[in-house]
Amino acid sequence: MDLPLLLHHTVCGGLAAAGLGVLFNVGFRALSWCAASGALMLAVRTVALGFGWSMEAASFVAALAGGVVVQLLPSPIGVSRNALHILGCIPMLPGGFAAKAILGLFAITAQHPVATNETIITAVDNTLRVMFTVGALGIGLAIPTLVLRVRGMK
Amino acid sequence: MKAELLQPALGRESLEEIATVALDFGRLLMETGASARNVEEITGQVAAGLGAERVDTRVGYASLAITLGIRPDWITCMRKVGPLGVNQRLYHALRATAAEIERGGFTAAKARAEVDRLVRASPRHPGWVVLAVGVACAAFGQLLDVDWAGVGPIFVAAALGQIVRHQLASHKINVFLSTTVVAFLASTLCGLGARWAGSQAVARDMTGPVLLLVPGVPAFNAQFDILEGRPTLGSARAVWVAVNLVFITVGVWLARGLLGEGR
């Protein structure tokens, strides 16, 4: 396990989540929860990636772990659990892949496309990666919410 | 959704007054980024607290409908929903007030006055939101493996992008047009800054400052709505997210074309 990388991703995940918390008008005191949520999820994903898991599987496990912890937090903490889930997950959204996917599709439709087959494969690869990663994040968050809410731990 | 009468209100309110207040709660909740489940729950709490015996709510993307009953009468009302955003402090205040109303002791007029007060008194975004957005995007950039020379330009471009975004929103510019303009400006500025700073991955750096525009809350709400049995609303949100991503990408694409990056 690459510890400096883990620390780097954990800190960046926490900063990104807290920064977005301000954008979502979360109260100042609750920003620490936002940072903790982002840091936890990024740390879990980095560890999973370190074990050689795919991006989709690592994102799913990270979202699941974050979802369980958020559901078990005491109430109230000044930010909704739904928002805390989402703030933790947003740093894991594959924004870079999404941009590459759409730019790849633009490139295919250019008047004189270069290496069309390669471009199509790359664009489809990026598109699928975005879809599966976002799906994995959503399902990872939804499972603890649905299970623990049924058990009265809303 | 159906809610039982928990405690009678001070006086028997007219169904129309109760429906109007409940819909106001629902509309504001939608506009603050609540999921459909929360909107249904909280709207039901308000209506039940004001005396409704039956509450059925339909949450749509651009409108809300509610049917209330106090035997033997029924009423159905609809309310348009404004642009969907995220505002956690107002959301919390609404949620707490709805819980108070559910406990009883509120009339529709008092509940309405309380909602109006909440909207007026709810704290706005702090002035340093611009810096926070810059920090968030710089951290995102690091997660995307941009080099350190690109971090400063991402921070500055994202912060300026947030200022422009706020100005465009205050002038009620179409959200998709605003997204493209902000993406283009932030990406171009970042690209120029990254070149000046000697970054080795200018094309990648140019993606960093537009991450503030990625519609994370609607993207996850879309999935939650579908998983919780509201595919129509979830699909509408998902389409909005997809179109928004296209408009972000157009902004980045134009910026890359202008600077000749990523060819």
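Begin with H7(B) and H10(B), whose crossing is right-handed (the near helix is turned clockwise from the far one by less than a right angle). Helices (H or I, at least four residues) and strands (E, at least two) are DSSP runs, numbered from the N terminus. This is a predicted model, in which local features need pLDDT of at least 70, side-chain atom pairs count only at pLDDT 80 or more, and totals for chains, interfaces and linings use all residues. Residues are numbered from 1 along each chain as its sequence is written, while chains are lettered from A and ligands numbered from 1 in the order in which they are written.

Next, select residues 175-197 and 231-259 of chain B, which form H7 and H10. Their axes come within 8 Å and cross at roughly 35° (lines fitted to C-alpha atoms over the stretch in contact, with angles from 0 to 180 degrees between N-to-C directions). Among the residues that meet are B:Phe176, B:Phe184 and B:Gly191 in H7(B), and B:Phe247, B:Gly251 and B:Leu258 in H10(B); contact requires C-beta atoms, placed from the backbone, within 7 Å.

Now display the whole of chain B. Its secondary structure comprises 10 helices and 3 strands, and its elements run α-α-β-β-β-α-α-α-α-α-α-α-α from the N terminus on. The C-alpha trace spans about 75 × 35 × 30 Å along its principal axes.

Finally, show both chains. The contact takes 33 residues from chain A and 34 residues from chain B. On the side of chain A that touches chain B, H1(A) gives the largest share, 9 residues.

Methods. Two residues are in contact if their C-beta atoms, placed from the backbone, lie within 7 Å.
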